[in-house]
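I opened this notebook to record what I looked up in one structure. Each entry states what I checked and what I found.

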Amino acid sequence: MSRLSPLPTDQHAELAERFAFFEKTLGFVPNSLLTMQRKPKLVDAFIQFSAAVYDPDGEVDLGFKRLVAHVASSAAGCQYCKAHTAVSAKRHGIPVEKLEDIWNYRNSEHYSEAERVALDFALAAASQPNDVTDQLFDALRRYWSEEAVVEMLSVIGLFGFFNRWNDSLATPLEAEPLQTAQTHLTQGGWQAGKHMS
């Protein structure tokens, strides 16, 4: 059960345009933002930061950024964010087979060596304590530019916030992320747990 209930989307008129964007692109407004709107400026700033992190003009594929977020969220243990990143990865062109094999990425034929190293980086960077080593960073630089590394680390940092937000508040999952996770992630051990509404 949620520790703070999501507020209605019409609670703050100044957020109407922001929320309309999510309705259009996702089909729903994430409950994380509906709880956050108790501080409208925080919602506004967070959405601006998210837009910069997911800039379509970046070097790193938008779908793959969602897989980076997924692995980072797994390190943090946030089932809410894992469900959301699965929905977003699919919407951004990640094949179902690749999504379903995310926890076998080190051995999966669906992942390139560059992707494996990036996901190792996501796991290490999101771990507590941080587990990024010089050796791992050197491997990352063999495949990715400095700009791409910054893009991926910004995703990991963004989800560090989201992971703590949603796990601390036991944010309830919306229907589509719940269904997607139940369909594609349970074989990897995913469970909704405290995020069931």
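Predicted model: local features only at pLDDT ≥ 70, side-chain atom pairs only at ≥ 80, totals over all residues.

Residues are numbered from 1 along each chain as its sequence is written, and side-chain values use heavy atoms, with hydrogens and water left out.

**Backbone.** I recalled that most peptide bonds are trans and that most residues other than glycine have a negative phi. I then found a cis peptide bond between glutamine 128 and proline 129, with omega about 0°. Proline 129 sits in the loop between α7 (113–126) and α8 (134–143); helices are DSSP runs of H or I, at least four residues, numbered from the N terminus. Alanine 170 is not a glycine, yet has a positive phi of about 50°. I located alanine 170 in the loop between α9 (146–169) and α10 (175–184).

**Burial.** I took buried to mean under 20% relative accessible area and exposed over 50%, with partly exposed in between (1.4 Å probe, protein chains only). Alanine 170 counts as buried because its relative accessibility is 1%.

**Histidine 84.** I found histidine 84 in helix α5 (residues 79–91). Histidine 84 has 13% relative accessibility and therefore counts as buried. Neighbours within four places in sequence aside, histidine 84 is in contact (heavy atoms within 4.5 Å) with Phe28, Pro30, Leu173, Glu174 and Pro177.

**Helix α3.** I listed the buried residues of α3 as Pro40, Val43, Phe46, Ile47, Ser50 and Val53. They lie on the same side of α3 because they cover an arc of only 140° around the axis, taken from the directions from the helix axis to the C-beta atoms. Lys41 and Ala52, on the other side of α3, are exposed.

Key
Helix = DSSP H or I, 4+ residues; strand = E, 2+ residues; numbered from the N terminus.
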